[in-house]
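This briefing is meant to be read with the sequence and the structure side by side.

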Amino acid sequence: MEPKKLERLLKDQGIKGSPYKFLLGDLRDNARLMREAISRPIPLTHDIVPRVFPVFHQLVKTHGKMCVTWFGPIPQVTIMDPVLVREILSNKFGHFAKAKNNPLVLLLASGLVSYDGEKWAKHRRIINPAFHQEKLKLMMPAFSTSCVELINRWNKLVDSSGEKHCELDVWPEIQNLTGDVISRTAFGSSYEEGRQIFQLQRELAQLIVEIIRFTIIPGYRFLPTIRNIRMRKIAKEIRKILGDLISKRIKAMKMGDVHNEDLLGILIESNFKLDQQKENSISLAMTVEDVIEECKLFYFAGQETTASLLTWTIILLSIHSDWQARAQQEVKQVFGDNKPDYDGLHNLKIVTMILYEVLRLYPPFSFLVRRTYKEIKLGKITFPPEVQLAIPILLIHHDPEYWGDDANEFKPERFSEGIAKASRNHIAFYPFGGGPRICIGQSFALIEAKLALAMILQNFSFDLSPTYSHAPRSVISLQPQYGAQILLRRLLL
């Protein structure tokens, strides 16, 4: 359907928004608003929506919670009603599909998150065993080893400062930690190759975001610019490293040498078993190319989610020292001076409340997009095919209608009775998405975050540094644009 016809159809049903502009839609205006938003930091507030999503912020403020913007010739309708969000995410009758992926983002990772239908179901079934609780429990030594190395490094930094404290930008530190964890848990003995992938993916993500956000020229990605050439070189290098790792593992497994203690080994073992089964002479297993894409996704999503969560948690506990003290006391009561263990992490009620509140205020991935692939009625609106439906998680998490007049305040006590009773509408919390496509790695991320935070709180206290500038920015995940500078103090034992 032509954009102008779509515009009239949506407008006739009461959906307001920006008018369609030929070919580019709102891309030029969106790029301008984003440049302005990230040009300077904001005051130390948790009211971050205007900076992170200036486009959504202006649209909703002007046209209401269901409104339309144009990504080129494609209409994108904002959906903030949790009842409608639940219907979209549950996708009970298969009416909604994943939005078509930007080809540049697919360079970074495709895998499970980008598939629909039978391919999604097959991949989810193969990957599920890697994230069972018993498998996560076996990964605790890898989590712990990485955390111990971080603690030792921070102790040396405090010692070498000659002061009672040292200033530290924890954002790259936590990125390195979570990259380290995913390297160990995903690739085990191939740990060094894993670290190399982490460095390459981080550079690739930054290049992709710069192009997507600020370039509105159709077909720009095909031009032989220095940036485009570098992106493709990185993508090729990542693919080669992973391809070599996977080929070695498959060869070893066929010779009876089983390595199923890491994510790659579990994935290959699960896939190998299905490869022995066939339905109508069709293999149920993934191809090597599929496995490569799932590994890229493991790596990127696993590292980014926890890095964002932990960094914002440290920033917020630096601001809210009373909650830092309460969390520290709880960790001491549960573990004393002993290394945190898997079972003990489940007894950290205050720490869990804090992590949930950070996920509410600063969700790592701040919006989801689905599309209609046929005519569908959602609430009172009938949507034609190929309309994008945007679920702005960040806006829903900050909406006073669902969270009260203190929606922009840090109040972990909201979650004292669990997620279901935290908001006025128990389905207004989506840090890991929802429905059957809810993030498969959410338990992995939360266990890693709890362990790392517990070990940090056992050893250090921290305050915000005077050099810190508050500047949340969505670079695929939600990140501190100018870093996360804190004053780190070692606790007296």
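This is a predicted model: local features need pLDDT of at least 70, side-chain atom pairs count only at pLDDT 80 or more; totals for chains, interfaces and linings use all residues.

**Confidence**
- The chain has a mean pLDDT of 88, and 93% of its residues reach 70 or more.
- Confidence is lowest in strand S7 (residues 282-283), where the mean is 52, and highest in helix H17 (residues 349-361), where the mean is 98.

**The annotated cysteine**
- UniProt, in an unreviewed entry, lists Cys439 under "binding site".
- Cys439 counts as partly exposed because its relative accessibility is 31%, a value between the cut-offs of 20% for buried and 50% for exposed.

**Residues with positive phi**
- Most residues other than glycine have a negative phi.
- Glu386, although not a glycine, has a positive phi of about 65 degrees, and this residue lies in the loop between strand S10 (381-383) and strand S11 (388-391).
- With a relative accessibility of 37%, Glu386 counts as partly exposed.
- Ile476 is also a residue other than glycine with a positive phi, in this case near 70 degrees, and Ile476 is found in the loop between strand S13 (472-475) and strand S14 (477-480).
- Because its relative accessibility is 29%, Ile476 counts as partly exposed.

Notes
Residues are numbered from 1 along each chain as its sequence is written. Side-chain values use heavy atoms; hydrogens and water are left out. pLDDT is the predictor's confidence in each residue, from 0 to 100. Helices (H or I, at least four residues) and strands (E, at least two) are DSSP runs, numbered from the N terminus. Buried means under 20% relative accessible area, exposed over 50%, partly exposed in between (1.4 Å probe, protein chains only). UniProt positions are given in the numbering used here, feature names are shortened, and annotations may be inferred rather than shown by experiment.
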